[in-house]
Amino acid sequence: MTAFGDGTRCVHGGGSAPGVGEPLHPGPVLSSTFALGAGTEQGPDFYGRAGNPTWRALEAAIGGLEGGECTLFASGMAAIAALFQTCGRDGTVVLPSDGYYLARALAADLGLTVRTAPTTAMADADLGGAALVVLETPSNPGLDVCDIAAVSARAHAAGALVAVDNTTATPLGQRPLELGADVVVASDTKAVAGHGDVVLGHATTTDAGLAARIRDARTRGGAVPGPMEVWLAHRGLGTLDLRLERQAANARALASALRMHPAARDVRWPGLADDPAHEVAARQMRRWNGVLRFTLRDTAAVGTFLAASRFVESATSFGGLRTSADRRERWGDDVAPGLVRLSAGCEDTADLVDDVRGALDACG
């Protein structure tokens, strides 16, 4: 479906034309066991930990958007764990020091040799002895970016694989595999499912052998997704194009309003023409998204802001229909106490901007 637009691929990806009398929107396959033949014959499914038709439908849809073979996992962290297990055991793993903190914690827990560098310095990071380089661009929560193509070229010359956490950018906003990355990982809990009711993740690669190893890691490790969750995420994916368009428009309007308000400082959104990340981001991202950041005076100011807002929910996830904000220092990120990561939702732009301005006014 590469010839079609984003909306068409989101709506129709992973589906098949139903026969007469068959459901237009088939439900999830909930069985954990499948019929085996009386002899040696066997269908594509035999046990719920190894495969499920509901998985394959969403894997086909996401794989089509990203340009590779997709494997679903029970969570984004499960996908990252499988990535570490399949790609990081034979050398050093290079991780962003300003990326998602649990990825660094997991690598340490697994006993991997870990080296870190800020996202903006990944192009010059020490890759000696590296087996795997993990990028997160735009980073979470800083929203810095790095040049995926440049880092991939350096890493491959050093004998390392490159994985990109594409959660913030979404499969529509960025295609790392086309920029030279070997694997894409993401938490589909966020924008792909989009409704705050699913925990899910995936890994996608163009390397058939690596895809098989990742899939084996899922089967043997048991980090398999539930069919109902997968079905809900596939349903959510159908509106990703529409949601992303509104979220990006809201993020642009909010970032502009925040810059004009004295209570907010250090406003970052890569879609702004003068943002430090804009030049590289515009070169490698296809579309903008709804995640931005800003800093208020202190922890108390963030509390005041959240209490005064009607539409901004206090929540630690992002990419959903409702606008949410998270004070990231509470989770251990090395950021100012008043730094807020805000995920713009799908509310009407004028309503959301007015609400956020009023909440900022309350901060004094």
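Let me begin with a term: a residue is called buried when its relative accessible area is under 20%, and exposed when that area is over 50%. Please keep in mind that this is a predicted model.

By that cut-off, Arg287 is buried, because its relative accessible area is 18%. Arg287 forms a salt bridge with Asp241, and the closest N and O atoms of the two are 2.6 Å apart. The pair links distant parts of the chain, 46 residues apart: Asp241 belongs to helix H9 (residues 240-259), whereas Arg287 sits in the loop between helix H10 (278-284) and strand E9 (291-295). Asp241 is buried too, since its relative accessible area is 16%.

The structure holds 22 salt bridges in total. Another of these joins Arg268 to Asp144, with 3.0 Å between the closest N and O atoms. Arg268 lies in strand E8 (residues 265-268) and Asp144 in the loop between strand E4 (130-136) and H5, so this pair ties together parts that are 124 residues apart in sequence. Both Arg268 and Asp144 are buried.

Arg322 counts as exposed, because its relative accessibility is 59%, and Glu313 counts as partly exposed, at 34%. Salt bridges that share partners also join Asp6, Arg9, Asp241, Arg286 and Arg287 into one network.

I turn now to helix packing. Helix H3 (residues 76-87) packs against helix H4 (residues 101-109) at an angle of about 40°, and their axes are 11 Å apart. The crossing of H3 and H4 is right-handed.

Finally, the surface. Leu36, Phe46 and Tyr47 make a nonpolar surface patch of about 310 Å².

With a relative accessibility of 60%, Gly159 counts as exposed. The C-alpha atoms of Gly159 and Leu72 are separated by 27 Å, and the two residues are 87 residues apart along the chain.

How values were computed. Residues are numbered from 1 along each chain as its sequence is written. This is a predicted model: local features need pLDDT of at least 70, side-chain atom pairs count only at pLDDT 80 or more; totals for chains, interfaces and linings use all residues. Side-chain values use heavy atoms; hydrogens and water are left out. Patches are made of residues with over 30% relative accessible area and no salt bridge: like charges are joined within 9 Å, nonpolar side chains (Val, Leu, Ile, Met, Phe, Trp, Tyr) within 5 Å. Accessible areas come from the Shrake-Rupley method with a 1.4 Å probe; for residues, only the protein chains shown count as cover. A salt bridge is a side-chain nitrogen of Lys or Arg within 4 Å of a carboxyl oxygen of Asp or Glu. Axes are lines fitted to C-alpha atoms, for helices over the stretch in contact, and angles run from 0 to 180 degrees between N-to-C directions. Helices (H or I, at least four residues) and strands (E, at least two) are DSSP runs, numbered from the N terminus. A crossing is left-handed if the near helix is turned anticlockwise from the far one by less than a right angle, and right-handed if clockwise. Buried means under 20% relative accessible area, exposed over 50%, partly exposed in between (1.4 Å probe, protein chains only).
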